[in-house]
Amino acid sequence: DGFEVVTRIRNDAELQDIPIIMITSRTGDKHRERALSLGANAFLGKPYQEAILFDAINNVLPAAVVNEQFGT
């Protein structure tokens with residue numbers, strides 16, 4: 001599941017700095033708190049709005065990467 005993926009990434013020295021945005025249908029506070037405590041950088045519920053996803057991406061990626069990828 002997504003919680004296991006976050007845990008494995010955060011415990012891998014080569015991957016631990018990769019930003020993680022978890023998107024799930026489980027939107028309760030319990031799930032949000034667990035995801036963020038395990039190391040997810042952002043947590044979105046389904047269905048999500050595209051603008052909110054783009055905001056989350058902008059918040060977790062370095063500005064240089066966002067500008068290069070999205071031409072802003």
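Helix H1 (residues 2–10) has Phe3, Val6, Ile9 and Arg10 as its buried residues, where buried stands for a relative accessible area under 20%, exposed for over 50% and partly exposed for values in between, with a 1.4 Å probe and protein chains only. Because these residues cover an arc of only 130 degrees around the axis, they lie on the same side of H1, the arc being that of the directions from the helix axis to the C-beta atoms. An α-helix has 3.6 residues a turn, so residues three or four places apart point the same way.

The model is a predicted one, in which local features need pLDDT of at least 70 and side-chain atom pairs count only at pLDDT 80 or more, whereas totals for chains, interfaces and linings use all residues. Residues are numbered from 1 along each chain as its sequence is written, and side-chain values use heavy atoms, with hydrogens and water left out.

The chain holds four helices and two strands, in the order α-β-α-β-α-α from the N terminus on; helices (H or I, at least four residues) and strands (E, at least two) are DSSP runs, numbered from the N terminus. Of the 72 residues in the chain, 26% are buried.

The buried residues of H1 pack against strand S1 (21–24) and helix H2 (29–38). At the start of H1, a side-chain oxygen of Asp1 comes to within 3.2 Å of the backbone nitrogen of Phe3. Arg34 lies over the face of Phe3, at 4.1 Å from the ring centre; for such a placement, NZ of Lys or CZ of Arg must be within 6 Å of the ring centre and within 35 degrees of the ring normal.

Ala56 and Asn41, which are 15 residues apart in sequence, are 8.6 Å apart in space, C-alpha to C-alpha.

Among the contacts in the chain with a separation of 6 or more, 29% join residues 24 or more positions apart.

Notes:
Contact = heavy atoms within 4.5 Å. Polar contact = N/O pair within 3.5 Å; in protein donor to acceptor, adjacent residues only side chain to side chain.
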